[in-house]
Structures are given as C-alpha cells and as structure tokens.
Amino acid sequence: MSNPFHELDAEESYPLLPNEVKVQTLGSIYSLRMLMDIVDLFVSKAGATFHTSISPNDVNLLDGSRDVVEDRDDKDE
Amino acid sequence: MTKDNKQLSDEVLIEAITQKGETELFGILYDRYSNKVYRKCLSFVKDESAAQDMVQDVLLKVFTQLGKFQGKSRFSTWLYAITYNYCVEYYRKNNKYAMVDIDEGPDISVDDDDEKELLKMRAEQLKWALDQVAPEDKMILLLKYQDDTPIKEIMDTLDISESAVKMRLARARQRVKQVVQEREKVMV
C-alpha cells in the first residue's frame, strides 16, 4: 500500500533551499563556535588566575615577598 | 572537508564535532538534512522566506544542543523532533488558535482501521486535512508516518510513555478523519 505521507514529502514538490542560506547558517555556526572557544579560554584563564591568587605561599606581585599562610590554630595558642 | 568524511555516519560526525571540536564537519550534516528540514518547515508555514529563516534557527539550535544528543534514537529522528517543535512553537506565535492539550480528553481506543483509512487517503486530501488539525497532531503524524519513526524512538525523543504516544497518534488520526468527514458533508 502506498503511503500518502511519503508523497507529501516528495522532493520535486518543494523548492530547494538556496545556497545563501547554507553560507549564512554555517557562518553563524562557525562564529558561534569561535565565541564559545573564546569564552572557554577566558574562563580557563580566569580560573587559573583565581587559583594562583588564592594559593598559599605565593609570590606577592606588588613587593615580591611571599605570602605564607600560617596555621591559625598555632597562632591562637 | 574530504570526500571520505562525507561517507561517515551521523553518529561518527557528531562525535567528531562535539568531542574533537571539528566544527567544519557540521557542513556534511547540513548537506544531508537541510532540504528535508526546509520541506518540513514549508509544510507548516507555506512561506519560503519564513521557512528559510526557520531552517537557520533550527540548525543553529541543533548545533548548540548537539552535545545533548544521546543516541537513543537516530539523529534524523532527534533533528526532526526539534524541527517539528520549532514549527509548532512558530505556528503558535504567529496564528490565533486554541492550543490543544494533547494529553487531555477521554481515552479512545487505538483503532487499526483509523490507520488504514488514513493511509488510503489521497495525498492532496491528506495535505489539506493536516493543515486543518492542530500542529501538535500534525507533528506526531508526520513523525510516525512520514519519517517512519518507530514508537520506541518517538517515546525516547518526546520523553513520553508508549501509551501516551499511541493515544496521541489515535487522537490525531481521529481529528484528521473528523475534518475530512466534515468537509465531505459540506460538499454533498
């Protein structure tokens, strides 16, 4: 039994998608990908910077001294 | 994009795009499916320019959600479900129509005769009838009978139970039958 739904979807009964739509769509996708890569890069850099800034025994960028985090319990005693 | 890449299956392409960042391979998926997506959009909006914009939106959406594709169904089924959902949404925004609550209403028997009757219709008649019923009904009928999607895949893609799929299909078939009968009554 032929399926009328398949007849409705016959390629010849519809126009083809113009090529400019492909150029626009793929262009948007590549731009979006680039933006996502930039955001990823920014987030990973920011994460690394944040990690560095809160790490103990790190070099203080202002005067070159080292921040040594002492054990607070020892101090209280 | 090499000739060899064009032979790759949808699943392999998706893995390369999502895991290895090979975005340019999306062009192959575009070539495979964009005209089908376009035909589906056109069947809902009847306006070439609007349908072209819809294709862009749908494929952009597909690209951003590609990581969520779990392979429970064929890629084509997943893509068409996104397309139909977008079309239904678009139709809702641009047409005044009472939204059909697809899960409401009395249970009806799942009747094989309705299916036979539907598949016996002339294409022209069916096309007209599908434009009269709610887009949600049209969507599930196209998924089942035009895209030949098995019930199991419809369940996974729409995230509904088997009985809900069968019920929605039965209701949609009945609504198509009803509009055709009403038209015939007027014409007599």
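A charge sits over a ring if NZ of Lys or CZ of Arg is within 6 Å of the ring centre and within 35 degrees of the ring normal. In this predicted model, the charged end of B:Lys40 sits over the ring of B:Tyr80, 4.6 Å from its centre. The charged end of B:Arg183 does likewise over B:Trp128, at 4.1 Å from the ring centre.

Now the rings. Rings of Phe, Tyr and Trp (its six-membered ring) pair if their centres lie within 6.5 Å; planes under 30 degrees apart are stacked, over 60 edge-to-face, the rest tilted. Over all chains, the whole structure holds eight aromatic pairs. One of them joins B:Tyr33 and B:Tyr80 edge-to-face, with 6.4 Å centre to centre and 80 degrees between the planes. B:Tyr33 lies in helix α2 (residues 26-45) and B:Tyr80 in helix α4 (residues 75-94), 47 residues apart. Helices here are DSSP runs (H or I, at least four residues), numbered from the N terminus. Both tyrosines, B:Tyr33 and B:Tyr80, are buried, meaning under 20% relative accessible area (1.4 Å probe, protein chains only).

B:Phe44 and B:Tyr84 form a tilted pair, 6.2 Å centre to centre and 50 degrees between the planes. B:Phe44 is in helix α2 and B:Tyr84 in helix α4 of chain B, so this pair ties together parts 40 residues apart in sequence. B:Phe44 counts as buried because its relative accessibility is 6%. B:Tyr84 is buried at 0%.

Ring pairs also build a cluster from B:Tyr33, B:Phe69, B:Phe75, B:Trp78 and B:Tyr80.

Residues are numbered from 1 along each chain as its sequence is written, and chains are lettered from A and ligands numbered from 1 in the order in which they are written. Local features need pLDDT of at least 70, side-chain atom pairs count only at pLDDT 80 or more, totals for chains, interfaces and linings use all residues, and side-chain values use heavy atoms, leaving out hydrogens and water.

Definitions and conventions. Helices (H or I, at least four residues) and strands (E, at least two) are DSSP runs, numbered from the N terminus. Buried means under 20% relative accessible area, exposed over 50%, partly exposed in between (1.4 Å probe, protein chains only).
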